[in-house]
Amino acid sequence: MAFEPPQRLVRALGETAPEGDDWLERLPEAARGAVAERELTVERVQVPGGRSSLVVLVRTAGGTPAVLKLAPHRARPESERAALAHWDGRGAVQLLEPPPAGSEGVLLLERLHPDVSVRSLPEAKALLEAAGTLRRLWVEPPGGHDFETVAERTGRQARAMRAGAQADPEVAALVAAALEAREELLAAPPEHRLLHGTFRQSKVLAGDRMPWLAVGPDPVVGECAFDLARLVRDRVEDLIAQPSGATTTRRRVKRLAESLEVDRERLAGWTLFRAVESGVRARRVGRERDAELLLEFATWL
């Protein structure tokens, strides 16, 4: 099989690839090797797939449906593996094997229903199911863990945001507000939990073992409001299209905060930071439409 990477993956990695990175060129050979080593039967590459990894639908030697996932080092696949192992199937997709020697960046996972996500549900039901899934993931991190913290991750992002504001004065005021919110939030975090890190409706897929399970974490350790913040802006294009989008957004913040017992002001602060960070990053790589939506959304918080 050719293992041709989907265009969505090619475009997304092209936005972030360091100079000289050849992971995409080496990907077909790596996929063939991973399949042969595990004696898998390939069904198809998942399309459009994700933005940071190649996802291949396979069957094990015993005929069990599974997913083979290959990701570059910068997508932190070993951190994903460690988080999935710690959750051990509680609220998240299950790992099917310990990592064979030399298989860094390759994960063999439980097969869910890749074309059925929570996002396919009506909005109110989707938020309810997604929030319930997220709650199960918020556990104490393992002792001696190597997961990135919220402070570390947002520190890197803050440096990029400052550079973006210097190059684009139009976003300077929003960036300043987002950075101020971050400083206040980091002063006294209420808890330190293992978080999904990039949670949204499309990251929750239908399963057989449980109705809904999370996939594709970029795990981080910190307060729950940081994780929930990304869910607030789900379907942002629909929110922007509504005359009452700002009111709906504030109502969503209140509802999600209450349902998951998260402080509403902290959730609003992290939602602001994460929306501005994503908007500035989208503008930096030329995704102007995404940037416009995210930055307008941020003005409502």
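Biologist: Which residues is Leu 228 in contact with, once its neighbours within four places in sequence are left aside?

Modeller: Contact means heavy atoms within 4.5 Å, and on that reading Leu 228 is in contact with Leu 134, Trp 138, Leu 256, Ala 257, Leu 260, Val 262 and Leu 267. This is a predicted model, in which local features need pLDDT of at least 70 and side-chain atom pairs count only at pLDDT 80 or more, while totals for chains, interfaces and linings use all residues. Residues are numbered from 1 along each chain as its sequence is written, and side-chain values use heavy atoms, with hydrogens and water left out.

Biologist: How many residues does the largest nonpolar core have?

Modeller: A nonpolar core is a set of buried Ala, Val, Leu, Ile, Met, Phe, Trp, Tyr and Cys residues joined through side-chain atoms within 4.5 Å, where buried means under 20% relative accessible area, exposed over 50% and partly exposed in between, with a 1.4 Å probe and protein chains only. The largest such core here has 72 residues, and those with the most contacts inside it are Leu 228 and Leu 267. Its largest share, 8 residues, comes from helix H10 (residues 264-284), helices (H or I, at least four residues) and strands (E, at least two) being DSSP runs numbered from the N terminus.

Biologist: Is Arg 111 buried or exposed?

Modeller: Arg 111 is buried, with a relative accessible area of 18%, and is placed in the loop between strand E4 (106-110) and strand E5 (113-117). The side chain of Arg 111 reaches the backbone oxygen of Ala 66 at 2.9 Å.

How values were computed: A polar contact is a pair of N or O atoms within 3.5 Å; within protein, one must be able to donate a hydrogen and the other to accept it, and residues adjacent in sequence count only if both atoms are side-chain atoms.
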